[in-house]
Amino acid sequence: MRNTLRVSPAGLAIVNQVRREQGLTQTDLTLCDAARTSQATLRRFFQGRPIQRETFIDICKALSIDDWEFIADISDLQSTVPRELSGTLSQPMDSEEMLAFIDDILLRKTGKHINYLQGIILLGVWNGKAYKEIANDDYYTTDNISKQASYLYKMLSKILGEKIRKYNFKATIERLRFSRFFLSIFSRSKTTDIKDILEELKKLNASLIPADKESLSLDTWATIHRLYHVVVSEVLAIHQSASPSDRSLALNRVQAELQTTKDNPKNIPQSERELILKIAQTWQNALLQLAGEVGKITITEPVRIPYVIGNPVEGSLFVGREDILRQLEELWIEANRLQSVVLFGHRRMGKTSILRNINACLGDGVKLAYVNMLNVGNAPQGVGEVLMAICDEIAEIMNISPPADEDLLKLPYPTFRRFLQQVDKVLVESPQTPLRKGGLTEESPQNSLEKGGLREGKGLIIALDEFEKIEDLINAGKIEPGFMGMLRTQVQASPRIAFAFAGLHTLEEMTEDYFQPFFASIIPIPVSFLSRGSTAQLLANPDADFILDYQPDALDFIYDLTCGQPFLVQLVGFQLVRHYNQEMFETGKKRDPVFTVDDVEAVINDPEFYQRGRYYFTGVWGQAAQDVPGQQEILQILAPYKSGLPVEMVREITGLDEEVLLEAIKGLKRHDVVEEKAGNLRIMVELFRLWVEKKPGFCGGFPR
């Protein structure tokens, strides 16, 4: 049996609707307590990612969704009950499931539960035992067991409407259980009141199921179940999308699926072919009423711009990064001590956004104190002022008092050390998040602090963003070179406290020896581009109220231009909405609410685009002037060539020494500025290449 489940696309719409009706957020602590799980797990649940089966069911119950099978992904359910959709019962359900299934049937039909003797007979027969073995196990006579079993078979046969004997008991119960499982999807209505049409579809389907429904084959139920999930998913897409093209596509998909079923009757068991075809036709007729609703929307006022440029993004605009979030969860939640990390990547790549959004994954126990080192400024009062900024953020997130300013200014290091000791004590003494049933108890030796391990769910991450500022302050004489060594000493003192640095460089790239103390104890995590899918998701679904749409080739074109660079993706979306509003409400041009490749080209050819994006472009350009020489020269040579140039040709044109050239290329690759593709060295982000090519002081690939 598979131990994980995930929410289906249709189910995701249902659980979010139910959640909103109850006034809950996706990581609500009330929901955490009710489901006995963490905020990180809730986040994965609402993202449609696999979680433990037991936890999945607990979350559904906490949301008052009894029909958890209804919202589960069908592919997971197929593995949860092995091969039930194929009609081949290669593995039985376990004994407890069998007893619970039969007990539920008896209770509903007779008002009585299974008694002890009936229970041991059912278990024995289920496990292949002879009546004599069952009798000997529980000190009954064989004759007594045989008579009671015969009575039990007759009762079940009458209730279930099918002859049940010892030889067919197991297979029959398996089949009937699966049939009733699928039937429950149609017969219960508690969680399907999102749209009236969904309720009507369920009622419609229920009216079509014959009276002897339990006798339907598994293949028939599989077909009905698959069609129903397709209908639910696409009807939800039709209702929830304001995009005319998305709604039309969803309607076309569901109609095509139903038509395919009707066009291929030979794939349906002959005895039940008429039923399936009737269901498909009836659903198809019911969905035709939606066709009139799927028309073009009318936009009467300028569209609000949902995209964010220049600031950290949160909520629906924060997409992708699942791999990084999962890695941080492993290092900060699932490990036996917190691990320090450094998030690095070139400017506007989303490092700050990750730090801003990771709290939703950490749960209530592990806290993150965010400190932007740029806010420290020039630190005129030295290291005490830097530690003051760090302590203030820690105190706020931990809900404790910070050290006195005068103490930090007079004795910065001892005061900071004592403050962290106080924080560590608070972490140790904080009430522990209740553990799941079946997990470790409070008294379990694995859950103790005897070996210095991290107490379950309790810790503090001190996030220092723009951490290169530390090097600037050291070079300016504001901070002592031993500052980083002091931080590492404090981290080593407790398994519950760690640092997260975020900046342009890994610590190994920092130029001075005072960063050496962290080299062996910190994990570098690169922050690079979004995937093509995440880029499309960000653009097409920035929030629930966005009413404009993109043609697929326009989304592909944007990805090719940006390579999934988050700031540039947001910038293109921002400028596209401005472009639409300008055409519709300033120039009076009538147009469809759908962005095309022509719209994207109009936006990126506007000088305003590069003016708004200057912080990103100049940031990457300026970073190329640091550390290893020759990087800017290489970029200037490559800019006129979209497909790039062979490395040897770059060396000949620049005249750089081979060792310098290779080090410069290595640095540009490390920061996702260039790549080698098809034997050529090329600039990765097309928009950055165009900016370099248009840059003043540049001519034909050679610096003036």
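Predicted model: local features only at pLDDT ≥ 70, side-chain atom pairs only at ≥ 80, totals over all residues.
Local features need pLDDT of at least 70 and side-chain atom pairs pLDDT 80 or more, whereas totals for chains, interfaces and linings use all residues. Residues are numbered from 1 along each chain as its sequence is written, and side-chain values use heavy atoms, without hydrogens and water.

The protein chain has 33 helices and 13 strands. These are DSSP runs numbered from the N terminus (helices: H or I, at least four residues; strands: E, at least two). Of the 704 residues, 52% are buried. Buried means under 20% relative accessible area, exposed over 50%, and partly exposed in between (1.4 Å probe, protein chains only).

A patch of negative charge lies on the surface, formed by Asp392, Glu393, Glu396, Asp405, Glu406 and Asp407. Helices α19 (383-398) and α20 (405-410) are the elements that each give two or more residues to the negative patch. Patch residues have over 30% relative accessible area and no salt bridge, and like charges are joined within 9 Å. A salt bridge is a side-chain nitrogen of Lys or Arg within 4 Å of a carboxyl oxygen of Asp or Glu. Glu396 belongs to helix α19. Its relative accessible area is 62%, so Glu396 is exposed.

Phe419 sits in helix α21 (residues 412-429). Phe419 counts as buried because its relative accessibility is 3%. Leaving out residues up to four places away in sequence, Phe419 contacts Cys391, Ile394, Ala395, Ile400, Ser401, Pro402 and Pro403. Contact means heavy atoms within 4.5 Å. Phe419 and Pro402 are 17 residues apart along the chain, and their C-alpha atoms are separated by 7.6 Å.

Technical notes
Patch = residues over 30% accessible without salt bridge, like charges linked within 9 Å, V, L, I, M, F, W, Y side chains within 5 Å. Areas by Shrake-Rupley, 256 points an atom, 1.4 Å probe, with all protein chains shown as cover. Lys, Arg positive; Asp, Glu negative; His and termini not counted. Charge placed at Lys NZ, Arg CZ, Asp CG, Glu CD.
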